[in-house]
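Here are my notes for your file.

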Amino acid sequence: MRRNARARILAGVVGLAVLVGVGSSPAVQMTDAAFTDSEYAAGSFTAATLAKPVVTSCTVTSFLGTFTGFTITWTSPYPKVQQRFSINNVVVDNNANVTQTGSGPYTFSSTISSGVLNTLLGSLLGSTNAVKVEATYSGTSWASAPATRSLSVGGLLGLGGNNTCT
């Protein structure tokens with residue numbers, strides 16, 4: 001029994017010492033962190049851009065005033081894999097519809113028939129359509145500023161207006 005009594009007394013003394021120690025310790029001081037380091041860096045840079053393609057011609061073909069297709073030709077310093085050709089924001093398949101000549105700068109040409117346009121966009125009779133070509137950087141969403149033309153398709157026999165690409 002003496003052992004238990006000694007252990008209790010010792011535990012009481014240790015507990016009392018801890019309470020006295022905690023009670024007599026100073027309060028935690030509030031601090032204000034101040035970061036006054038005056039170092040800084042400066043510099044300039046220029047973002048890379050892709051050269052805008054240049055449309056050299058856009059011609060419409062008609063038969064008795066009825067739209068049969070159009071041909072667009074453009075130049076660009078980038079190869080065919082980096083060209084995006086679209087009509088009303090519908091991308092035209094470059095492999096099937098665009099030819100490339102030259103070794104840089106390259107010349108591209110595409111002849112699109114009314115049948116291909118009907119497949120891509122539906123009937124174009126009496127409509128104005130945005131045609132654009134732009135250079136892209138493969139594997140990214142980077143694109144140059146577009147070179148644009150407006151393709152106007154009249155009605156049957158030209159009754160809905162002239163067929164033009166301007």
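**Notes on aromatic pairs and a strand contact**

1. Trp142 has a relative accessible area of 47% and is therefore partly exposed; that class lies between buried, under 20%, and exposed, over 50%, using a 1.4 Å probe and protein chains only. The model is predicted: local features need pLDDT of at least 70 and side-chain atom pairs pLDDT 80 or more, while totals for chains, interfaces and linings use all residues. Residues are numbered from 1 along each chain as its sequence is written, and side-chain values use heavy atoms, without hydrogens and water.

2. The structure has 4 aromatic pairs (ring centres of Phe, Tyr or Trp, the latter by its six-membered ring, within 6.5 Å; planes under 30 degrees apart are stacked, over 60 edge-to-face, the rest tilted). One of them joins Trp74 and Phe85, tilted, at 5.6 Å centre to centre and 45 degrees between planes. Trp74 sits in strand 2 (residues 66-76) and Phe85 in strand 3 (residues 83-87), so this pair ties together parts 11 residues apart in sequence. Strands are DSSP runs of E, at least two residues, and helices runs of H or I, at least four, numbered from the N terminus.

3. Both Trp74 and Phe85 are buried. Together with Tyr106 and Phe108 they form one aromatic cluster.

4. Tyr137 and Trp142 are paired with ring centres 5.8 Å apart and planes at 45 degrees, so this pair is tilted. Tyr137 is partly exposed, at 44%.

5. Thr56 belongs to strand 1 (residues 54-63) and is partly exposed at 49% relative accessibility. Beyond its neighbours within four places in sequence, Thr56 contacts Thr73, Trp74 and Thr75 (heavy atoms within 4.5 Å). Thr56 and Thr75 lie 19 residues apart in sequence, with 7.2 Å from C-alpha to C-alpha.
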